[in-house]
Amino acid sequence: MECLEGHSITPACARSELDLKVIIMSRNKAKTKKTKVIENLYLYEFIDEDAILPDTITVMVQGSRALLIDTAYPEYAEHVKKDLEEQGISVEIIILSHYHSDHVSGCAVFTPCEIYAGEHFEHSYNNCRIWEPGYTYVKPQHLIKDGDSLSFGDFELEFLYAPGHSPCGVITKITERIVHIGDLIMMSKNNRAVLPFIADGGNFAGHIQSLELLKKIEPEIVVVPHGGRIENKENIEKEIEDRIYYLEQTSSAMGTLPLPACLKENISAYDHLEFHDTNLTRLF
Ligand SMILES: [Zn+2]
Ligand SMILES: [Zn+2]
């Protein structure tokens, strides 16, 4: 596992033994990778050269039933639906980590099914409909509150309110050691750290608190919708501290520090530095 050195996310070379297949999708040329994390828990990762970030759909299976966390875009959702249908599996439940189009626009592919989202989803839902009207947006029938739980066969999911990136962020504890964290931490197509992004309705203080909450959980695996997953406590803690550092430096100086001074590592270690400009507008 020497290829793990210096990397905060498991590189492709270390994951290959778990990879079930790699398919080139003809429709949008996204590379698709399906990975088994533990029994009955799979990640479908989509890497499109033209997309800003990689996307992940998380799938839990119990017999002929599936529960998804996030649906990404309709093209990716269609791919997951087809793969599950070929195994005689249908999607019954969708959990939305937050209501941004890159996480929810695939919902329409699976309806009718039971959709759960954070109780403060409405603000982002309205933004999606205005800013990216080309998709069909489905409203959740079930609103998630902090501390709620949901049984799905052998899985006992627990939800924690985690605002900051968006006003409706939800952390899902899949097991005691595996946690889905929405966009609190993002990784790029090159497995590099992506700068935090404070979307409309999000805020610095909430983002920092949500990362502190995640740190207390001490997960061994975090599932990140952009980047697949980050493994082992040390790597995860490093990524959390890295994001908290940026958010605290930027907000405490009210944006007066140059970006390199807000970063824990050298600026060359980060992707999507352009997010900083948007983040600064959230300070005021
Ligand atoms: Zn987002
Ligand atoms: Zn996202």
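The following questions and answers concern the fold of one predicted model. In this predicted model local features need pLDDT of at least 70 and side-chain atom pairs count only at pLDDT 80 or more, while totals for chains, interfaces and linings use all residues. Residues are numbered from 1 along each chain as its sequence is written, and chains are lettered from A and ligands numbered from 1 in the order in which they are written.

Me: How many helices and strands does the protein chain have?
Reply: Helices are DSSP runs of H or I with at least four residues and strands are runs of E with at least two, numbered from the N terminus. On that basis the protein chain has seven helices and 17 strands.

Me: In what order do the six strands of the open sheet stand?
Reply: Two strands pair if DSSP finds at least two bridges between them. Strand 9 (149–152) and strand 16 (228–231) each have a single partner strand, so one side of each is left without a neighbour in the sheet. The pairing is mixed, and the order is 9-10-11-12-15-16.

Me: Which residue in strand 12 stands opposite Thr-172?
Reply: Strand 11 (residues 170–173) and strand 12 (residues 178–180) run antiparallel and are joined by two bridges. Opposite Thr-172 stands His-180.

Me: Which residue in strand 17 stands opposite Ala-193?
Reply: Three strands form an open sheet with mixed pairing, in the order 13-14-17. Within this sheet, strand 14 (residues 193–194) pairs with strand 17 in the parallel sense over two bridges. Opposite Ala-193 stands Tyr-270.
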